[in-house]
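This report describes a predicted model.

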Amino acid sequence: MALRDWPIKRKLTALLLLTSGLVLLLTSAAFVTYQVVTFRQTMRDNLSTRARLLAANSTASLAFANDADATEVLSALKSDPHMVAAALYDQNGHVFATYRADPAADIPATPQPDGYRFERGRLIGFAPVAQQENARLGTLYLASDTEAVSDALRLSGIIALAVLAIALLAAYALAAALQGRISAPVLVLAQTAAAVSEHQDYSVRAPKLGDDELGKLTDAFNQMLGRIEEQKQELQQYATELEQRVAERTRELEQSNEALRRNAAELAASNDELDAFAYSVSHDLRAPLRSIDGFSQVLLEDFAAQLGDAGRDSLQRVRAASQRMATLIDDLLKLARVARAEFRIERVDLSTLAREIVSDIQRATPDRHVDFAITPGLEAQGDSRLLRVVLDNLLRNGWKYTGRQLAPRVEFTAEDKNGGRVFLIRDNGAGFDMQYVDKLFGVFQRLHSAAEFEGTGVGLATVRRIISRHGGRIWAESAVDQGATFYFTL
Amino acid sequence: MAFLITVLASAQLLVQTPRASEHHVKAVFLFNFAQFVEWPAANTQDMRAPLIIGILGDDPFGSILDEIVRGERIGARPFEVRRYRQVADIEACNLVFISRSEVARIPQILEALRNRPILTVSEGNDFAKQGGMIQFVNDKNRIRLRVNLEAAQAVNLTISSKLLRVAEIVRPARR
């Protein structure tokens, strides 16, 4: 497991152990190293001290050739198991007295120059024997093995290791006991956090142990939990309210929909009734009109002489009136037919339609010159016959209401607005007062008198019916004497 | 080189008669006594006054003693060897060796030297019992020492315990 993923307990304990272990190790190492480095010198010093003591004690023995006493002095060395051999030499270099720890130990036959050196695993030395600073009486030879110091070194090494081990154990125990001071608050905090996130229970609070940075962390944590709890409650309230409102709105919507549906059904029913009514009435009204017109004509033709001018004039008026009525009825019929006609959707070239209509108008009235501006390439999806009626109506209206302009102009073009196509027919004719725009598309509604402009007031109603069937909208903008623009979508 | 000298020295010892080598040893001992004995301060007015070894009677040493002490010092004091025929001749002296030739007169000699801080050394038997301070004793080719400590102490001569250790201490015969 990577070091950073260790539990805090283990980290702290390891840290403490490492620190104390390192310190102990360094100390022990320094100590043992010092001993190793100085052991030779220590050995030499020890041997030289001993040699001097022995030499001082042997002066009389040598001076007075008492080898028994000399041997006795040397034999005191047997108390030291590390002394291998010793010997006293007289002034002539002869061996005077000896000591051997091991009978096989060898002793030099003659003394060598004074001094100490390590030789074949032993420390040997030659020291002068003299009473104070007087003439030399002889030489002392000492040989010791190096085990004493090795033993000492080994011992100190073992002690160092033992101390190290015990100290480490103690450090471990102490670390394990004390790391809790640091880790306990952290663990408690971690546990609380885990419990909160697992059970989504924000009413839990972490206990505060101590006033250090961890304590502050705990406080902040608890505050956060408190705020989360509050917000959660607030959210829940909002959610509940929202649900209520949504339910209400849904109910309202459903009610409106119901009402709308009913209205639509009623409207549809009304329209059907109206269409039926218009159709039958037109037919029924036609018959008498035909009689009126027919018999008026008979009168005019057959009884012209008897009628006189006034009579003929009156009959003409009768005929004109009845003809006008017939037109009106025809228009009404058209309107009704539009409502009941079959609806076939296909791609319709509006520009071509418009041009045909315009040429019809121009052929019918060659002496009136109106400038028709038709944007080419205008297309739409819809019933071509019905659309022809729309264009016919709107273009003729434009032609009609520019009758009094000097430079009459009628435009048919399209704009792209808000992602949809809007067709418009604009004229620079008489225009109308926007105050009455609502009446524009009403049946039989006319905003100009028959004296100003002739018409039945049915055309725009028809247009609107057709546009509605295509699922579009139609509206108009105008100002008096400044022309009018009719917009429609499909 | 040291080995050669040692061999020659040993050879010389072998060539010489035992008696001669015995006296060589004794001469060395006399020289060594100076290292293990302290004379009272009155006798050393000048720290550089020579330490006088006297020989009373026939001189058995020949030139040996002179050679041994030549060039040697105790502290700052050089050695001097004097020979006396009679005890009355002894004036300034630190150590006197009484030769065998005077054996018969030992008691008188010792009496004459009473109260004088002179270390008395001799070879005769009973020398120590008679009041002499150090007696050479022949013992199986070795020269042993017999010391009469009280005699030395009587004239304020301090004999080092080291010397005493290698010597036999005797008490004077009670009169």
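## A buried lysine in chain B

B:Lys26 counts as buried, because its relative accessibility is 1% and the cut-off for buried is under 20%. The residue sits in helix H2 of chain B, which covers residues 18-36. With neighbours within four places in sequence set aside, B:Lys26 is in contact with B:Phe61, B:Arg100, B:Glu123, B:Phe136, B:Asn138 and B:Ile143.

## The sheet of chain B

Chain B holds an open sheet of 8 strands with mixed pairing, in the order S3-S4-S2-S5-S6-S7-S8-S10. Strand S3 (73-74) and strand S10 (168-169) are at the edges; each has a single partner strand, so one side of each has no neighbour in the sheet.

Within this order, strand S6 (residues 119-122) and strand S7 (residues 134-139) of chain B run parallel and are joined by 2 bridges. B:Val121 has B:Ile134, in S7(B), as its bridge partner.

The size of an interface is often given as the accessible area lost when the parts come together. For chain A and chain B the buried area is about 1,800 Å², and carbon and sulfur atoms give 52% of it. The table lists counts for this contact.

| Item | Value |
|---|---|
| Contact residues from chain A | 19 residues |
| Contact residues from chain B | 21 residues |
| Salt bridges between chain A and chain B | 2 salt bridges |
| Polar contacts between chain A and chain B (both residues at pLDDT 80 or more) | 6 residue pairs |

One of the salt bridges joins B:Arg142 to A:Asp67, with the closest N and O atoms 2.8 Å apart. On the side of chain A that touches chain B, helix H1 (8-63) and helix H2 (67-75) of chain A each supply at least two residues. H1(A) gives the largest share of that side, 6 residues. Sorted by class, the side of chain A that touches chain B has 8 nonpolar, 9 polar and 2 charged residues.

Which residues does A:Asp69 contact, leaving aside its neighbours within four places in sequence? They are A:Ser61 in its own chain, and B:Arg165 and B:Val166 in chain B. A:Asp69 is placed in helix H2 of chain A. Its relative accessible area is 7%, and A:Asp69 is therefore buried, the cut-off being under 20%.

Definitions and conventions: Residues are numbered from 1 along each chain as its sequence is written. Chains are lettered from A and ligands numbered from 1 in the order in which they are written. This is a predicted model: local features need pLDDT of at least 70, side-chain atom pairs count only at pLDDT 80 or more; totals for chains, interfaces and linings use all residues. Side-chain values use heavy atoms; hydrogens and water are left out. Contact means heavy atoms within 4.5 Å. Buried area is the accessible area (1.4 Å probe) that two parts lose on being put together, summed over both. A salt bridge is a side-chain nitrogen of Lys or Arg within 4 Å of a carboxyl oxygen of Asp or Glu. A polar contact is a pair of N or O atoms within 3.5 Å; within protein, one must be able to donate a hydrogen and the other to accept it, and residues adjacent in sequence count only if both atoms are side-chain atoms. Helices (H or I, at least four residues) and strands (E, at least two) are DSSP runs, numbered from the N terminus. Ala, Val, Leu, Ile, Met, Phe, Trp, Tyr, Cys and Pro count as nonpolar, Asp, Glu, Lys and Arg as charged, and the others, Gly among them, as polar. Two strands pair if DSSP finds at least two bridges between them. Buried means under 20% relative accessible area, exposed over 50%, partly exposed in between (1.4 Å probe, protein chains only).
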